[in-house]
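Me: I would like to go through this structure and ask what stands behind the words used for it. Please set each value against its definition.

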Amino acid sequence: MDKQHRICVFMLLAIFALAYGETVDSKWRAQIEEKFEETLRTIQNNKNRIEKQSEVFKKQTNDIQKQAVEIETLRQRVKALEGQSDNLEQQSGRLLNGSSKNGTLPSSMERRQLYNKGFKNRFIRQVVSSRRNTPAAFYAYISSDFGRVGANHVFRYDTVVTNHGNVYNKHTGAFTAPSNGLYAFCYTAFASGVHVAGETGDYGEVTVKLIHNGDYKGSIHVDTESEWDDDMSTGFAILMLEAGDVVFTKSKDAGQGSFRSSDMGRWSFSGFQIA
């Protein structure tokens, strides 16, 4: 009886151990499967994050390439503008250094008036601005009687009636061509047979020259020898200009006496683009 009892107990223990082992193994497998699924989820999340980072990196690379192209374009534009500025400096340097073809030397007053820093900046801006295709036309006159005209005196026509394209500067008396083309210019002088500006002695006389980039292009002369004997003269010229060229009027020698610019007649300067 004891032997049978022991066999039964052993069999029960074996069955219990087997059932317990299967239970433990089932739990272990469940834990393993859960860990495996968690690892898969982590791998998938990392893959998604890497793909997003790759897209961001690709987008940044494209942006950098576009910016590089834009920077190169801007560099070329700056280089081109610097080249235009250098050409303009060379043109203005010819006047500043007094190297005109006919040997006419600009006066110190011309140099101060026509080639100060502010004028140069405006000069360059006009040449490279989008207004180069705007038809140019201007008309200006001196506002009142005057005298005491020195040699190489640059005439400044301070009353501006028309200035289409902003091509004339009343502070310097100079016209600046906004583009290459054919231009017409008209200039008028008026000598007085009366001392209208406080002068004494001789009555009005002066020669007025038309100057293009320091070079002589034409002239007129007014002269009155007796009282009340006024004299007026008008000059006209057609010039082929390049963008940035400067045209103005000045005296040849020192004038004498007084000069009228009133309702009786005006000292004037005008011009327009033909083609």
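Reply: Start with Ser270, which touches Phe138, Tyr139, Ala184, Phe185 and Cys186 when residues up to four places away in sequence are not counted. The model is a predicted one, in which local features need pLDDT of at least 70 and side-chain atom pairs count only at pLDDT 80 or more, while totals for chains, interfaces and linings use all residues. Numbering runs from 1 along each chain as its sequence is written, and side-chain values use heavy atoms, with hydrogens and water left out.

Me: What makes a touch a contact?

Reply: A contact means heavy atoms within 4.5 Å. Distance along the chain is another matter: Ser270 and Val161 are 109 residues apart in sequence, and their C-alpha atoms are 9.7 Å apart in space.

Me: Why is Ser270 called buried?

Reply: Buried means under 20% relative accessible area, exposed means over 50%, and partly exposed is in between (1.4 Å probe, protein chains only). Ser270 has a relative accessible area of 19%, so Ser270 is buried.

Me: How do you know that Ser270 lies in a strand?

Reply: Strands are DSSP runs of E with at least two residues, helices are runs of H or I with at least four, and both are numbered from the N terminus. Ser270 lies in β12, which covers residues 268-273. The protein chain has 3 helices and 12 strands.

Me: Which class does Ser179 fall into, buried or exposed?

Reply: Ser179 has 13% relative accessibility and therefore counts as buried. Ser179 is in the loop between β5 (174-176) and β6 (181-191).

Me: What makes the pair Ser179 and Gln273 a polar contact?

Reply: A polar contact is a pair of N or O atoms within 3.5 Å; within protein, one must be able to donate a hydrogen and the other to accept it, and residues adjacent in sequence count only if both atoms are side-chain atoms. The side chains of Ser179 and Gln273 make such a contact at 3.5 Å.

Me: Which side chain does Lys250 join in a polar contact?

Reply: The side chain of Lys250 is joined to that of Asn152 by a polar contact of 3.4 Å. Lys250 lies in strand β10 (residues 246-251), and because its relative accessible area is 3%, Lys250 is buried.

Me: Why is Arg148 called exposed?

Reply: Arg148 has 65% relative accessibility, so Arg148 counts as exposed.

Me: What makes Asp158 neither buried nor exposed?

Reply: The relative accessibility of Asp158 is 34%, so Asp158 counts as partly exposed. Asp158 is in the loop between β2 and β3. Leaving aside neighbours within four places in sequence, Asp158 is in contact with Tyr141, Ile142, Ser143 and Lys170. The side chains of Asp158 and Ser143 are joined by a polar contact of 2.7 Å.

Me: What is meant by the largest nonpolar core?

Reply: A nonpolar core is a set of buried Ala, Val, Leu, Ile, Met, Phe, Trp, Tyr and Cys residues joined through side-chain atoms within 4.5 Å. The largest one has 30 residues, of which Phe175, Phe185, Trp267 and Phe269 touch the most other members. β1 (137-141), β6, β7 (205-212), β8 (215-223) and β9 (231-241) each supply at least two residues of this core, and the largest share, 6 residues, comes from β6. In soluble globular proteins, nonpolar side chains tend to be buried together.

Me: How much of the protein chain is buried?

Reply: Buried residues make up 35% of the 275 residues in the protein chain.
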